[in-house]
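Please open the structure in the viewer and keep the selection tool at hand.

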Amino acid sequence: MPAAQTLGLRFDRLAPGEVDLTLPYQDAFSFRPGQLQATPIFAAADFAAVAAAGTLLPPGWANATIDCTLKIVGPAGGDRLVARGRVLHAARLLTVAEARVYACRGGEEALCATLLATARNLPPAGEGARP
């Protein structure tokens with residue numbers, strides 16, 4: 001996806017119902033030196049949570065975020081963010097997932113945000129809504 005490429009997101013781990021990704025720190029996305037603004041934090045969390053939901057879809061299906069709540073609980077400083085998404089509840093049409101975002105400097109991690117997302121599961125074009 002173009003937004004993921006622009007942000008420099010790297011998907012580090014994919015497993016059924018789980019995704020880990022990394023967002024490198026970039027001055028272009030900071031609101032003051034050394035600290036990322038809310039937009040890239042939200043994007044990393046959303047990608048992690050909804051991608052985790054996507055790991056449980058049948059072949060050919062896609063999903064899209066229909067609701068998200070981000071809570072920033074600490075500064076997003078360091079050299080990168082790590083977002084860990086996981087599915088909380090998967091159903092036929094909707095999947096609920098969460099992400100926890102950690103600010104990382106060297107080997108140290110500090111929780112900086114949490115996100116709760118709902119994804120709409122979309123069948124391949126021309127198919128009904130049954131998986």
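Select Arg-84 to begin: with a relative accessible area of 31%, this residue is partly exposed, a class that lies between buried (under 20% relative accessible area) and exposed (over 50%), computed with a 1.4 Å probe on protein chains only. The model is predicted, so local features need pLDDT of at least 70 and side-chain atom pairs count only at pLDDT 80 or more, whereas totals for chains, interfaces and linings use all residues. Residues are numbered from 1 along each chain as its sequence is written, and side-chain values use heavy atoms, with hydrogens and water left out.

Glu-109 is partly exposed at 40% relative accessibility.

Next, select Arg-86 and Glu-98. Their side chains form a salt bridge with an N to O distance of 2.6 Å. Here strand 6, which holds Arg-86, is linked to strand 7, which holds Glu-98, across twelve residues of the chain.

Now display strand 6 (residues 80–90) together with strand 7 (residues 94–105). Strands are DSSP runs of E with at least two residues, numbered from the N terminus, and two of them pair if DSSP finds at least two bridges between them. Strands 6 and 7 run antiparallel and are joined by ten bridges. They form a hairpin with three residues between them. Within this pairing, Val-82 stands opposite Tyr-102.

Strand 6 has a further partner to display: strand 2 (residues 18–24), which pairs with it in the antiparallel sense over seven bridges. Select Val-19 and Gly-85 to see two residues that stand opposite each other in this pairing.

For the last stop, select Arg-13, Glu-18 and Asp-20, which are linked in a network of salt bridges. Between Arg-13 and Asp-20, the closest N and O atoms are 3.1 Å apart. Arg-13 is partly exposed at 34% relative accessibility, whereas Asp-20 is buried at 14%. In total, the model contains six salt bridges by the rule given above.

Notes:
Helix = DSSP H or I, 4+ residues; strand = E, 2+ residues; numbered from the N terminus. Salt bridge = Lys/Arg side-chain N within 4 Å of Asp/Glu carboxyl O.
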